[in-house]
Amino acid sequence: MKTKALRADILLLGVSAIWGFAFVAQIKGMEHLGPFLFNACRFALGFISLLPVYFLLENISRKKVSGHKKQYDSQLLLKWGPLTGVVLFLASSFQQVGLLYTTAGNSGFITGFYIILVPILGIWFGHSTRPATWLGGAIALAGLYFLTVQDGLNFNKGDVLTLGSALMYAVQILLIGWLSRHVHPLRLSLIQFFMTALCSMMVALYLEPISLDAILKSAGPLLFAGVLSTGVAFTIQIIAQRDAASSHAAIIMSLEAVFAVLGGRLLLDEQLGLRGFLGCGLMMTGMLLSQLRRSRKQV
């Protein structure tokens, strides 16, 4: 069990690194594409890149003779799988549109606020939430204020949109934490990606110009965001969350904020400033505090 838990932690840390640097790719990709077309191409690439892996592993699995083959709930997958795709569409859309108005570093840290929202929303699923979670949430909210509130009480529009993304990602993490223990992980990934790409393309056709030339100009960011950030990272998330509680997974994946700030400084020359660093520090403190000594039985 400890070996599985350690493996899950390492996998989730890799996910956070990929997602953190993906904020840079997401910003660069929108130099030529609208946010919804970018997401449509990104998740379509994730779907396409995962298909050969799925068929290869399925072929290997069929050739193996084992009396202990894990049984998956196909009906549960068909019922809830598409919903995870819709939730992921909402989360990625809020985040992608928000990046038009805020920095990669800000977006990374605000998205990481799902670490507080996961245990709070978990109450609806019958999980308990300790006093440390509420205290951590209050400290993180103070950090969010310093990070996002500018003169007076004027919020950056991109930061507010990204906060909506954090809420949707919290719902997605809870859904994956539950479904990943009962359904086929790669099939769940494929359904997620297909639904997200479909919803994104429907909105893009209505709101944005569709240009093959623009897509080709964004090939580099799209490949990183589509293959690595989507096809690889989201699938690893599903596999790892089979052996990690949702709140524990959230604390590790929230480190994407650190990688987002690092990527923004190294690749986009973004400057956070003293107020921003104070906000980030308070948010990280609240995030860590909310997770102290949490048992696996808790969300």
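At 15% relative accessibility, Glu-58 counts as buried, where buried means under 20% relative accessible area, exposed means over 50%, and partly exposed lies in between, with a 1.4 Å probe and protein chains only. The structure is a predicted model, in which local features need pLDDT of at least 70 and side-chain atom pairs count only at pLDDT 80 or more, while totals for chains, interfaces and linings use all residues. Residues are numbered from 1 along each chain as its sequence is written, and side-chain values use heavy atoms, with hydrogens and water left out.

The side chain of Glu-58 meets that of Arg-187 in a salt bridge, at 3.2 Å from N to O; a salt bridge is defined as a side-chain nitrogen of Lys or Arg within 4 Å of a carboxyl oxygen of Asp or Glu. This pair links distant parts of the chain, with Glu-58 in helix 2 and Arg-187 in helix 8 (residues 185–207), 129 residues apart. In contrast to the buried Glu-58, Arg-187 is partly exposed, at 29% relative accessibility. By the same definition, the count comes to 4 salt bridges. Among them is the pair formed by the side chains of Lys-28 and Glu-31, at 3.0 Å from N to O, in which Lys-28 is partly exposed with a relative accessible area of 35% and Glu-31 is exposed at 52%. Lys-217 likewise forms a salt bridge with Asp-213, the closest N and O atoms being 3.3 Å apart. Both Lys-217 and Asp-213 lie in helix 9 (residues 212–217), 4 residues apart, which is about one turn of the helix, and Asp-213 is partly exposed at 44% relative accessibility.

The secondary structure of the chain comes to 13 helices and 0 strands, helices (H or I, at least four residues) and strands (E, at least two) being DSSP runs numbered from the N terminus. Helix 4 (residues 104–111) is largely enclosed by the rest of the structure, because 8 of its 8 residues are buried; these include Gly-105, Asn-106, Phe-109 and Thr-111. Of the 299 residues of the chain, 52% count as buried. Among contacts (heavy atoms within 4.5 Å) between residues at least 6 apart in sequence, 91% join residues at least 24 apart.

The largest nonpolar core contains 45 residues, of which Leu-12, Phe-109, Phe-113, Tyr-114, Phe-234 and Met-253 touch the most other members; such a core is a set of buried Ala, Val, Leu, Ile, Met, Phe, Trp, Tyr and Cys residues joined through side-chain atoms within 4.5 Å. When neighbours within four places in sequence are left aside, Tyr-114 is in contact with Ala-166, Tyr-169, Ala-170, Ile-173, Ala-250, Met-253, Ser-254 and Glu-256. A second, separate core of 13 residues includes Phe-36, Phe-89, Met-195 and Ala-225.

The chain exposes about 14,000 Å², of which carbon and sulfur atoms supply 70%; accessible areas come from the Shrake-Rupley method with a 1.4 Å probe, and for residues only the protein chains shown count as cover.
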